[in-house]
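Thanks, everyone. Let me put the model on the screen, and then I will walk through one site and one chain.

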Number of protein chains: 2
Amino acid sequence: MNDRRSIIYFSLLHYLTVALERVRGFRDIYPEDSEPRKRIFEVSEKAAEVFGFRKIEMPSVEHMDLYRIKSGDELVSQCFNFLDKGGRQITLTPEATPTVVRMLTSRKDIPRPVRWYSFQKYWRYEEPQAGRQREFYQFNGDIFGPSSAEVDAEVIGLAAFILNGLGLKGHYRILINDRYIMEYILRENGIKDIAKAFTIIDKFKKTPSDQFSLDIEELGMPKDRIGHFCEMLENLTPIEQAEAVIQGVIHHNGSDSQIQRFVRLSKILPAYSPGTFFLDLSTVRGLAYYTGVVFEAFDVEGKFRSILGGGRYDNLAELYSGQKIPAVGFGMGDAILEMLLKHKGLFAYTKKEQKFYVATPDMAYYTPAVILANEIRSNGIPAHLNINDRNMGMQIKEANKEGATDLIVLGKQEFEAGNLTWKKLGSGEQVSITYDSFIDILRSRGFGEADFPEV
Amino acid sequence: MNDRRSIIYFSLLHYLTVALERVRGFRDIYPEDSEPRKRIFEVSEKAAEVFGFRKIEMPSVEHMDLYRIKSGDELVSQCFNFLDKGGRQITLTPEATPTVVRMLTSRKDIPRPVRWYSFQKYWRYEEPQAGRQREFYQFNGDIFGPSSAEVDAEVIGLAAFILNGLGLKGHYRILINDRYIMEYILRENGIKDIAKAFTIIDKFKKTPSDQFSLDIEELGMPKDRIGHFCEMLENLTPIEQAEAVIQGVIHHNGSDSQIQRFVRLSKILPAYSPGTFFLDLSTVRGLAYYTGVVFEAFDVEGKFRSILGGGRYDNLAELYSGQKIPAVGFGMGDAILEMLLKHKGLFAYTKKEQKFYVATPDMAYYTPAVILANEIRSNGIPAHLNINDRNMGMQIKEANKEGATDLIVLGKQEFEAGNLTWKKLGSGEQVSITYDSFIDILRSRGFGEADFPEV
């Protein structure tokens with residue numbers, strides 16, 4: 001190869017290599033993952049629907065200003081934001097809530113309560129790590145309108161219903177707290193900058209205790225109270241016993257409606273899922289806009305980051321639209337959930353599915369095989385159809401490779417007799433059956449498997 | 001208001017207004033549309049699965065170069081492309097195929113045939129118009145590996161199976177052609193620049209006939225053949241009669257395997273869906289990379305742009321990876337489909353769904369109501385639960401507003417007796433039933449509605 005040519009050759013190679021790379025922080029999801037992932041979407045959406053939540057679909061691009069109003073500039077650096085061809089700063093949506101609130105407040109005809117859910121992609125320009133890609137799906141569920149302990153309980157109950165539906169009961173905990181109660185405790189302990197204190201407490205579990213003590217002392221908590229305060233933050237209390245804990249720290253709670261409300265929530269929650277909910281005073285959530293209950297779910301082993309998180313945010317709609325609309329909701333990403341399901345051996349469709357392979361030993365009789373395969377498919381059962389002119393041995397080999405449970409042979413002989421050969425690939429049993437009887441079995445089987453006729 | 005203040009006030013107003021606007025060309029999808037849209041996704045994905053296609057999920061962001069390789073710079077101006085924070089040119093994905101091929105060729109362990117489908121969002125920076133937003137969903141199905149008339153038929157058959165599954169049988173046609181045959185016809189008529197001719201023929205239906213004649217004459221077709229050529233392009237022939245048409249224009253087709261193959265395809269297709277497929281010589285598809293069969297679906301009334309389109313593209317994988325992998329596939333957007341379903345009155349879940357409303361006349365007995373509602377939900381039936389302390393009249397009003405079919409009342413009286421009051425909201429019939437009997441009915445109902453016990 002001469003020099004000129006080799007330069008061109010290597011440039012082209014470089015060009016092709018760059019072009020074929022996936023963008024960093026993004027993920028190609030092949031069928032072995034994509035198929036079990038469908039269960040995450042189906043279980044979550046079905047759960048939302050049986051709770052009476054209705055689906056919305058949101059744009060994946062918004063004006064950057066939508067997030068500035070709520071989060072200031074801090075979020076901007078984490079967004080995939082860019083100038084559109086008209087010079088406006090737009091961004092791939094980093095989260096659901098601002099768009100949900102925009103959609104809600106831009107129509108006046110939606111009766112309350114509004115129960116909405118969505119499950120779509122979001123993007124964050126963060127350093128990729130285990131369980132955190134730059135692109136992810138997030139389920140989001142919110143109730144707008146009424147504000148009560150029952151509403152809070154329903155949203156948190158939906159979160160538990162989804163995780164239980166995925167088989168995770170006993171493998172996760174939902175940690176609950178209330179910002180009103182925390183503010184009360186903080187003020188009683190001499191702290192005035194509540195927002196700052198929440199930021200520090202949000203990092204409690206990740207901060208060395210010496211450092212945490214210094215940080216919280218700096219905000220005004222007397223040194224002699226810090227030890228006890230840290231103990232409180234460390235305790236997990238089953239939610240049934242939350243009232244006793246709260247009575248221990250807040251003394252006039254009998255007359256405070258916000259505290260009464262949290263106590264009521266603590267009594268309702270176990271009905272949604274016993275043994276799942278815990279009072280955790282260190283759960284305060286990083287985001288600034290929560291106004292009441294806050295919650296996060298973690299795996300019991302503590303191996304992963306949070307599975308889902310949410311809370312009450314009664315002032316956000318007002319910020320956008322001037323309308324005061326109480327709201328409570330949560331978001332649940334797909335990544336940690338998928339990792340946890342894999343870790344627990346729950347990342348699979350457990351049901352063994354019937355699957356046909358329609359073999360065609362004589363390609364002159366292909367069209368009746370097409371009609372037969374479509375009849376099976378129309379009854380909701382997968383049917384692979386041979387698509388190459390090749391011998392039966394190769395077709396049966398493919399049937400096994402594709403995981404078929406049932407083999408149908410339809411060739412010249414069968415066609416002329418009006419028959420099919422139907423073989424169970426597991427046991428090797430086989431029957432000869434008329435075309436019409438086979439169709440009858442398919443159509444009458446309800447939701448069960450299509451099985452050989454009784455003799 | 002003084003001047004200074006009013007300036008600030010109006011600036012703020014402007015700021016908020018901009019922030020709350022949806023980005024142009026994007027769509028907020030509320031439940032009344034989002035819920036019937038679910039059927040588009042469910043029917044398409046289920047159809048793909050019963051055909052043995054497996055789901056993949058692809059990134060929504062790719063390097064711009066991935067599209068340059070395939071489409072040159074023409075596509076670049078239609079992409080939402082931007083520089084990432086590392087200065088690389090990336091883009092929101094405008095279509096599926098390049099990513100599908102990238103995913104396929106970047107792994108060596110995937111056995112052929114590969115049947116893959118996906119259904120996700122894409123973006124095009126085009127002028128928004130009816131049925132064309134800047135963001136849309138597209139179903140994509142492809143078979144890689146074997147190349148035969150049977151493979152082509154299966155992919156086109158899947159397209160018909162999806163549209164039939166949505167209730168559109170008889171409301172659409174799939175127009176079929178083969179680029180090999182068209183090239184043959186064009187060469188026989190003196191045309192050498194085949195790519196250019198395809199571009200012109202692709203616009204045949206939108207071009208005034210004088211202009212079309214001039215364009216095609218310029219490419220070398222003798223003037224006296226143009227009239228006949230245009231007639232050929234105008235004809236729609238039921239696919240069963242394709243062989244006769246082809247014999248009329250191509251004279252030695254008995255010995256040409258490519259033409260034999262198309263004739264075979266024309267004989268298989270009606271088995272997938274009789275009356276659906278037509279030979280249309282004006283269907284050539286705009287994209288440069290098709291190598292064999294091409295097809296597009298249109299509504300019979302001709303009201304809308306194409307519903308779906310696809311074809312065989314045997315050389316694309318080689319362009320990316322050096323591996324020759326025959327391929328055939330199609331893409332189907334959500335927008336035209338939704339418009340057509342609405343136009344035909346098919347844009348709805350037709351099944352009338354049972355839905356419970358659990359009323360709680362006494363909030364002191366709320367937790368048993370939570371447990372009951374969750375029991376109904378766990379059996380797959382939606383249950384609204386009252387979430388406010390209010391009288392029964394308001395709860396029943398809400399039950400009707402939410403479209404509930406069944407009302408359960410669980411208050412002090414019912415709880416103490418171990419009973420429920422169960423009322424059918426349509427007929428007004430009601431029964432008193434023990435909690436346990438109700439649960440038994442729920443659990444034993446299979447896939448039917450939960451109905452009152454036989455007396």
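**A serine in chain B, then chain A overall**

I begin with a polar contact of 3.0 Å that joins the side chains of B:Ser282 and B:Asp280, where a polar contact is a pair of N or O atoms within 3.5 Å and, within protein, one atom must be able to donate a hydrogen and the other to accept it, while residues adjacent in sequence count only if both atoms are side-chain atoms.

This is a predicted model, in which local features need pLDDT of at least 70 and side-chain atom pairs count only at pLDDT 80 or more, whereas totals for chains, interfaces and linings use all residues. Residues are numbered from 1 along each chain as its sequence is written, chains are lettered from A and ligands numbered from 1 in the order in which they are written, and side-chain values use heavy atoms, with hydrogens and water left out.

B:Ser282 is buried, its relative accessible area being 6% (buried means under 20%, with a 1.4 Å probe and protein chains only). Leaving aside residues up to four places away in sequence, B:Ser282 touches B:Asn177, B:Ile201, B:Phe204, B:Lys205 and B:Leu233, contact meaning heavy atoms within 4.5 Å.

Turning to chain A, 56% of its 455 residues count as buried. Among its contacts between residues at least 6 apart in sequence, 68% join residues at least 24 apart. The C-alpha atoms of chain A fill a box of roughly 90 × 75 × 50 Å, taken along the principal axes.

Terms used: Buried means under 20% relative accessible area, exposed over 50%, partly exposed in between (1.4 Å probe, protein chains only).
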